[in-house]
Amino acid sequence: QVQLVESGGGLVQAGGSLRLSCAASGRAFSRYTMGWFRQAPGKEREFVVRISWSGGRTYGTDSVKGRFTISRDNAKNTVYLQMNSLKPEDTAVYYCAADSDRDYVWDYWGQGTQVTVSS
């Protein structure tokens, strides 16, 4: 079973940057679509950004365009989320997710890492 472990969360001032990492188990990581989601208190979990297995195709929600960048290192079984120009509304628990069978359903989830952006 695939396990995902996020790290890199913390407290940052508005306008600052943070880099999240998601380490994945499994030999087939390079074939997975990977994504980041977030959930703020009192809100539903929302999609943030995803990246194809090759790293050649990415897509992010409008709220993070120009600020967040997803990347992956298949040799390290790791996906990253570089977050710049952070805003208080970015405050949430951030989750790493994997689509292992190309059906556009997220099959595996990490435990989450807290990101808090102060105003």
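I looked at the link of Cys22 and Cys96 and found it left-handed, with -80° about the S-S bond. Cys22 lies in strand S3 (residues 18-24) and Cys96 in strand S9 (residues 92-99), so the pair ties together parts that are 74 residues apart in sequence. I take strands as DSSP runs of E, at least two residues, numbered from the N terminus. The S to S distance for Cys22 and Cys96 is 2.0 Å; a disulfide here is a pair of cysteine sulfur atoms within 2.5 Å. That rule gives a count of one disulfide.

I then checked burial (buried means under 20% relative accessible area, with a 1.4 Å probe and protein chains only). Cys22 is buried at 0%, and Cys96 is buried at 0%.

For the record, this is a predicted model: local features need pLDDT of at least 70 and side-chain atom pairs pLDDT 80 or more, while totals for chains, interfaces and linings use all residues. Residues are numbered from 1 along each chain as its sequence is written, and side-chain values use heavy atoms, with hydrogens and water left out.

Next I turned to the largest pocket. A pocket is an open set of points on a 1 Å grid over the protein atoms alone, where a 1.4 Å probe fits, with protein on both sides within 12 Å along at least five of seven lines; lining residues have an atom within 4 Å of a point. I noted about 330 Å³ of space in the largest pocket. Its lining has 13 residues, and Thr33, Arg50, Ser52, Asp99 and Tyr104 lie nearest the centre. Strand S5 (46-51) gives the most to this lining, with three residues.

Notes
Points joined across faces, edges and corners; volume = space filled by probe spheres on them. Helix = DSSP H or I, 4+ residues; strand = E, 2+ residues; numbered from the N terminus. Buried < 20%, exposed > 50% of the residue type's maximum accessible area, 1.4 Å probe, protein only.
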